[in-house]
Amino acid sequence: MFKRFSVDEHVSNISKVKTSVQRKICQRISEQYPLLEENDGELMELLLPKKAPLLVAKCSGTEHLQLVCAEDGTPLFFNMRDGPFLPTLKLLHKLPTLMKVIRADKGAIPYVLSGANIMAPGLTSKGGDLPEVIEEGEPVAIMAEGKELAMAVGIMQMSTANMYIHTHPIFFHLVSISCVCLSCSKSINKGVAVELGHFLGDDLWLLHKIE
């Protein structure tokens, strides 16, 4: 998405949105990321103050991409069409517990950092990790094996329960939490597990402000 991205080429319009639109965007973001609403919404108010203008950059192309920016033009979140909002990695590195986390093994790292989607075996191998139940369509942070900060963010294309084979010990834990019946569940453990949205070194990472 941001492997080749420039403001001049891809941003078709940037504007201060109406108060009603601002309220709707902020509500969706706060619902997706409850951490922002803790302590009476202290973090949310710091990131996107209610009394400050909210800038939205709309991008040309078929993906219907939009960037939600702070008043000074710093990108904070983005989404496609009516999909979930994802934080930029710069924001996520400041708030590492903002979203659910998965870990890719070392073999997947060069592919992720070149913009490739993440395949299921890269998460279910010895070096990968799926520490909690995550459903298809949820936004996630992708950690690299042996690293402490996220290398990418994306959207799950299958649930964590479906990725684990039945013999994997954590599968039964996932199943018990998500109430998936062993007799009717099917493990996949192949194909695209995460659609990549933004990764370290891409053009969004290199972008400081939209002016």
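## Strands, ring pairs and a buried methionine

Strands E4 and E5 are paired in the antiparallel sense, over 2 bridges. Two strands count as paired if DSSP finds at least two bridges between them. Strands (E, at least two residues) and helices (H or I, at least four) are DSSP runs, numbered from the N terminus. This is a predicted model, in which local features need pLDDT of at least 70 and side-chain atom pairs count only at pLDDT 80 or more, while totals for chains, interfaces and linings use all residues. Residues are numbered from 1 along each chain as its sequence is written, and side-chain values use heavy atoms, with hydrogens and water left out.

E4 and E5 belong to an open sheet of 5 strands, in the order E1-E2-E3-E4-E5 with antiparallel pairing. Strand E1 (11–16) and strand E5 (86–87) are the edge strands, each pairing on one side only. Phe 77 has Pro 87 in E5 as its bridge partner.

The structure holds 3 aromatic pairs. Rings of Phe, Tyr and Trp (its six-membered ring) pair if their centres lie within 6.5 Å; planes under 30 degrees apart count as stacked, over 60 as edge-to-face and the rest as tilted. Two of the pairs are set out below.

| Pair | Centre distance | Plane angle | Type |
|---|---|---|---|
| Phe 2 and Phe 5 | 5.1 Å | 75° | edge-to-face |
| Phe 2 and Phe 78 | 5.1 Å | 85° | edge-to-face |

Ring pairs join Phe 2, Phe 5 and Phe 78 into a cluster.

Buried means under 20% relative accessible area, exposed over 50%, and partly exposed in between (1.4 Å probe, protein chains only). Phe 2 and Phe 5 are both buried. The relative accessible area of Phe 2 is 0%, and Phe 78 counts as buried at 1%.

Lys 90 lies over the face of Trp 205, 5.8 Å from the ring centre. The criterion is NZ of Lys or CZ of Arg within 6 Å of the ring centre and within 35 degrees of the ring normal.

Met 156 is part of strand E9 (residues 150–156) and is buried, with a relative accessible area of 1%.
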